[in-house]
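This briefing is meant for someone meeting the structure for the first time. Please look over the sequence and the model below before reading on.

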Amino acid sequence: MANDINANHKAAATARDQAADKAQTKERYAKVYTIVSGKGGAGKTTVCSNLGMALSLLGKKVLLIDSDIGLKNLDVVMGLEEYVTNDIAGCVAGKVKFSSAAVQDPRVSSLFVIAASQSLDKSQLTPKQMGLFCHELMKDFDYILIDAPAGIENGFACAIAPATHALIVVTPEHASLRNADRIAGLMEANGILPKNISVIVNKIEAHLIADSIALDPDEMQKTLALPIAAQIPFDYDIISSNFKKRPVVLNGRSLAAKIFVNIARMIDGEKVEPIVVKKLSVFDRLFNIFSR
Ligand SMILES: Nc1ncnc2c1ncn2[C@@H]1O[C@H](COP(=O)(O)OP(=O)(O)OP(=O)(O)O)[C@@H](O)[C@H]1O
Ligand SMILES: [Mg+2]
């Protein structure tokens, strides 16, 4: 698999390296973050939509790209579905410029989204095309965030082709943890520097950790070669905001919103204290046992 991706990636990697060279100059050149996970449902789209919103609220110009071809997620959870007139399918067919497929978020003018296509077959988008599409827009944005499909197939190869950075979303389970190092290996084989790859642990539930049926992020860190950049609890506000198609970051009072803003600040180079998901105290644990 790594060899296949390697073969496909040469043009995209060249484009990315040229971009990295330009980034040394003072021109605007986007950092391209790909958000991936081995397992489906880990929270990639949630992280992508909220991190994008948080970065744009910090004043950054941000483009979100849904590379989950064949499905449509990102524009839907962002509440932007009705604004989408062009998507990646038009760009692949050569009918639309990639920049023309970007929809501006009416709530935050510096946030743009390119939707995936339900009509396009997964294999029609190639890593080379994805690399060239992104390269075209790197000078126009501070950040490009790519919401990858689950797994390590062609969609993954397309999503990582233009990436300079990666966030691997994992849940506190053994299989998810094991996948993270494997995914990081594939990324490194495709030229993403290890220092630019980190992990976000999502859907942490303190009571499951206390019952020893979910992994503790501190224990996860001991076995992971990569740094855990952020912890996100399993959170009612996230479910509700995804359902209401309004990123939770717009609900500034929620803990989840604070966590996403914190991650955005960290990505943007600020020194911030990571927000750690609270563990249950002995008293909480006893209370839980006796209230069963
Ligand atoms: N921290 C969280 N707390 C509670 N629910 C969450 C959290 N993060 C994500 N979810 C929920 O989990 C489900 C999957 O999330 P999401 O769509 O972001 O995952 P994904 O990795 O993009 O999935 P896919 O692999 O299908 O693209 C959604 O219903 C979402 O609302
Ligand atoms: Mg998704």
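In helix 7, the buried residues are S176, N179, A180, I183, A184 and M187, where buried means that 20 or more other C-beta atoms, placed from the backbone, lie within 10 Å of the residue's own, exposed means 12 or fewer, and partly exposed means in between. Because these residues cover an arc of only 140° around the axis, they lie on the same side of helix 7, the arc being that of the directions from the helix axis to the C-beta atoms. This is a predicted model, in which local features need pLDDT of at least 70 and side-chain atom pairs count only at pLDDT 80 or more, while totals for chains, interfaces and linings use all residues. Residues are numbered from 1 along each chain as its sequence is written, and chains are lettered from A and ligands numbered from 1 in the order in which they are written.

**Helix 7**

- Helix 7 covers residues 174–189, and its 16 residues reach 24 Å from the first C-alpha to the last, close to the 22 Å expected at 1.5 Å a residue, a span taken as 1.5 Å times one less than the number of residues.
- On the other side of helix 7, the residues H174, A175 and R182 are exposed.
- The buried residues of helix 7 pack against strand 1 (31–36), helix 6 (154–160), strand 6 (165–170) and strand 7 (197–204), with contact taken as C-beta atoms, placed from the backbone, within 7 Å.
- Just after helix 7, G191 takes a positive phi of about 90°.

**The chain**

- The chain has 12 helices and 8 strands, which are DSSP runs (H or I, at least four residues, for helices; E, at least two, for strands) numbered from the N terminus.
- Of the 292 residues in the chain, 48% are buried.

**Residue A115**

- A115 sits in the loop between strand 4 (111–114) and helix 5 (127–137), and it counts as buried because it has 27 C-beta neighbours inside 10 Å.
- Leaving aside residues up to four places away in sequence, A115 touches D66, K72, L74, D75, V84 and D87.
- The C-alpha atoms of A115 and V76 are separated by 9.0 Å, although these residues are 39 apart along the chain.

**Ligand 1**

- Ligand 1 is surrounded by 19 residues, of which the closest are G40, K44, T45, T46 and N242, a residue being counted if its C-beta atom, placed from the backbone, lies within 6 Å.
- Helix 2 (44–57), strand 7 and helix 10 (236–243) each supply at least two residues of this shell.

Methods:
Two residues are in contact if their C-beta atoms, placed from the backbone, lie within 7 Å.
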